[in-house]
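Here is a short report for a first look. Start with the sequence and the structure.

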Number of protein chains: 2
Amino acid sequence: MFKTIEWTEDGVRMIDQTRLPTSEVYVTCRTYQEVAEAIRSMVIRGAPAIGVAAAMGVALGIKQSRAVSVEELRADFEKIAEMISKTRPTAVNLFWAVKRMRELFESSLNVAPGFSPAGAALKGGATEAEKIAAVKSRLIEEAQRVLAEDIAINEAMGRHGAALIPESATVLTHCNAGALATGGYGTALGVVRAAIAAGKKIDVLADETRPFLQGARLTAWELAKDQIPVTLITDNMAGHFMKLGEIQAVIVGADRIAANGDVANKIGTYTVAVLARENGIPFYVAAPLSTIDLSLSSGEQIPIEERSADEVTHWGGVQTAPADVPARHPAFDVTPHRYVTAIITERGVARAPYADSLKALFAS
Amino acid sequence: MFKTIEWTEDGVRMIDQTRLPTSEVYVTCRTYQEVAEAIRSMVIRGAPAIGVAAAMGVALGIKQSRAVSVEELRADFEKIAEMISKTRPTAVNLFWAVKRMRELFESSLNVAPGFSPAGAALKGGATEAEKIAAVKSRLIEEAQRVLAEDIAINEAMGRHGAALIPESATVLTHCNAGALATGGYGTALGVVRAAIAAGKKIDVLADETRPFLQGARLTAWELAKDQIPVTLITDNMAGHFMKLGEIQAVIVGADRIAANGDVANKIGTYTVAVLARENGIPFYVAAPLSTIDLSLSSGEQIPIEERSADEVTHWGGVQTAPADVPARHPAFDVTPHRYVTAIITERGVARAPYADSLKALFAS
């Protein structure tokens with residue numbers, strides 16, 4: 001198999017997803033700015049993978065910081081965090097990862113003997129240099145732990161989700177919520193992998209997912225690489241095959257889930273959800289708890305990233321529309337919770353009413 | 001403006017729709033075989049335009065026939081008709097045009113003095129050569145009449161349809177049901193043109209329409225050329241904009257309509273119709289009576305053309321999916337009549353129950 005992202009001595013190494021499926025190329029981001037640019041330009045994408053990249057980007061920036069005091073290091077942290085946080089506004093995992101690293105930063109200062117709260121750490125037994133070294137080494141460890149946990153979370157999610165899939169089924173998926181979208185194994189495709197591991201006969205129908213073609217380029221590539229049967233369709237064909245009875249379940253990932261179960265995910269997800277309900281097909285969302293943002297009461301509060309119109313009017317350098325015609329490019333949409341059959345997490349499966357079931361998962 | 005298709009001394013001249021939007025190139029088909037190939041390879045496409053091309057292809061083949069007897073000419077007609085009819089199985093206008101030309105062929109033999117039924121025409125006052133000349137000239141005239149009528153039909157359809165559109169509206173359309181899909185003016189886009197001519201303020205949101213991108217390449221091109229405001233979106237964005245309340249009506253064309261009002265049209269139309277109903281937006285189909293096939297009781301009897309998977313996995317020579325991944329490519333889908341708010345024809349607007357209203361339009 002391949003590694004979506006890993007920490008190396010030289011920097012953060014990623015498979016370049018803009019080069020797939022025709023080239024399997026790896027790039028090493030040697031500065032946190034390069035990590036931010038890789039997230040922004042979608043060298044790495046997918047909410048959980050963005051979370052891992054953000055954690056590693058913060059760790060890399062802090063590792064390379066020349067700060068000589070904790071206060072300087074903290075200022076560097078905020079500068080790094082700000083740049084990383086601005087790359088993709090919809091993926092909550094970005095903010096989750098930065099927040100986790102910030103908490104670790106502060107708690108790492110506790111390694112000093114004689115630590116007490118409220119700035120007292122600066123006067124503790126450890127020297128500034130010792131504290132800085134401790135923060136650096138713990139953030140680097142933590143970034144790698146974020147990756148390892150992400151894979152373990154996906155495997156747990158797969159076990160919970162596999163039980164929902166029939167013994168023999170064609171499963172439709174949209175975008176890429178696979179190993180490439182995560183630290184590894186995948187969220188939606190993790191459920192597919194787990195169902196197959198449990199002996200079920202699963203075929204995947206993959207929406208190509210315009211405009212960025214994550215389905216054609218990434219989902220088709222990683223499933224073929226894993227020898228999981230996959231057939232590609234354009235986004236506008238899914239409804240036709242649902243109506244013909246050729247699809248038994250839909251599974252997608254999520255970029256952010258509100259407390260009421262509304263799901264922000266790749267543009268086109270709402271359409272798939274409406275079509276699934278219209279045709280009596282279950283619509284499942286597989287996402288780790290880090291994707292669920294209990295601070296938002298509904299999906300209407302989720303900011304929707306608007307990307308460049310060029311991604312709609314051009315294709316691999318080929319112009320597909322007249323030069324002077326404007327285009328819209330919302331990168332995500334929000335699927336209201338009433339279309340969601342269940343949300344699969346690493347702690348179990350939540351069903352409506354989500355305001356209760358999601359809160360219960362966090363408490364469990 | 002431009003001419004989608006016209007009869008010339010040298011053959012059938014068409015704008016090459018596979019070269020749009022970057023090049024405005026015209027090709028002249030000098031034999032009926034070239035006309036058939038142009039239909040098959042989508043140099044010309046759109047059900048009404050295919051009907052015009054089929055009529056002109058038959059006329060061209062008959063014009064060039066070396067038959068020296070009416071029987072030989074009839075045999076040539078059947079050979080031509082067979083090749084033309086096999087080009088695109090879903091567009092009923094193809095069969096309608098061939099049938100119309102066949103009827104004209106037979107009635108043209110009546111020019112002979114002393115004609116009586118059942119083969120007696122062969123013994124009439126006119127010589128075989130005179131009869132052949134009469135058939136040739138009348139088929140050539142008829143093909144041009146099919147074109148002129150198509151434009152007049154679209155203008156009538158526009159007048160009926162324009163009344164359905166609000167004074168100020170954003171109208172979503174799928175595929176290209178415009179001047180390029182017809183002899184001129186357009187079916188769905190004819191309604192838009194007529195609404196604008198009636199002083200209404202209309203913006204068009206155009207689905208790009210994968211895999212062949214008729215929306216991006218053709219609808220965007222012809223509307224921009226006509227200075228009608230158009231914004232391009234990918235197919236999977238339409239639902240998002242409907243949910244946001246940014247779309248007031250949907251208008252599409254049709255490739256074949258069954259007696260019960262089920263509509264076969266470009267793949268993705270069913271999805272748009274489901275989304276429109278879910279969001280309380282009217283979904284209109286604009287199509288001439290020649291598109292309505294009363295011999296089919298429902299859409300389930302409409303054959304759906306399956307085109308090459310390469311059109312899904314490649315674009316403009318660029319490979320977008322892994323080389324070994326299979327793809328599906330139904331070129332059309334069927335929208336059940338319950339999603340159709342109204343069918344706009346040249347004789348007026350039909351509403352449910354369509355089994356009655358469509359039949360009434362034919363009788364009117």
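This is a predicted model: local features need pLDDT of at least 70, side-chain atom pairs count only at pLDDT 80 or more; totals for chains, interfaces and linings use all residues.

Residues are numbered from 1 along each chain as its sequence is written, chains are lettered from A and ligands numbered from 1 in the order in which they are written, and side-chain values use heavy atoms, without hydrogens and water.

**The interface**

Chain B brings 55 residues to the contact, and chain A brings 55 residues. Contact means heavy atoms within 4.5 Å. Between the chains there are six salt bridges. A salt bridge puts a side-chain nitrogen of Lys or Arg within 4 Å of a carboxyl oxygen of Asp or Glu. Arg328(A) forms one with Glu246(B), with the closest N and O atoms 3.4 Å apart.

**Aromatic pairs**

Seven aromatic pairs occur over all chains. Rings of Phe, Tyr and Trp (its six-membered ring) pair if their centres lie within 6.5 Å; planes under 30 degrees apart are stacked, over 60 edge-to-face, and the rest tilted. Two of the pairs are listed here.

| Pair | Centre to centre | Angle between planes | Class |
|---|---|---|---|
| Tyr270(A) and Tyr339(A) | 6.0 Å | 85° | edge-to-face |
| Phe77(B) and Phe105(B) | 5.3 Å | 65° | edge-to-face |

Tyr270(A) and Tyr339(A) are both buried. Buried means under 20% relative accessible area, exposed over 50%, partly exposed in between (1.4 Å probe, protein chains only). Phe77(B) has 1% relative accessibility, so Phe77(B) counts as buried. Phe105(B), at 1% relative accessibility, is buried.
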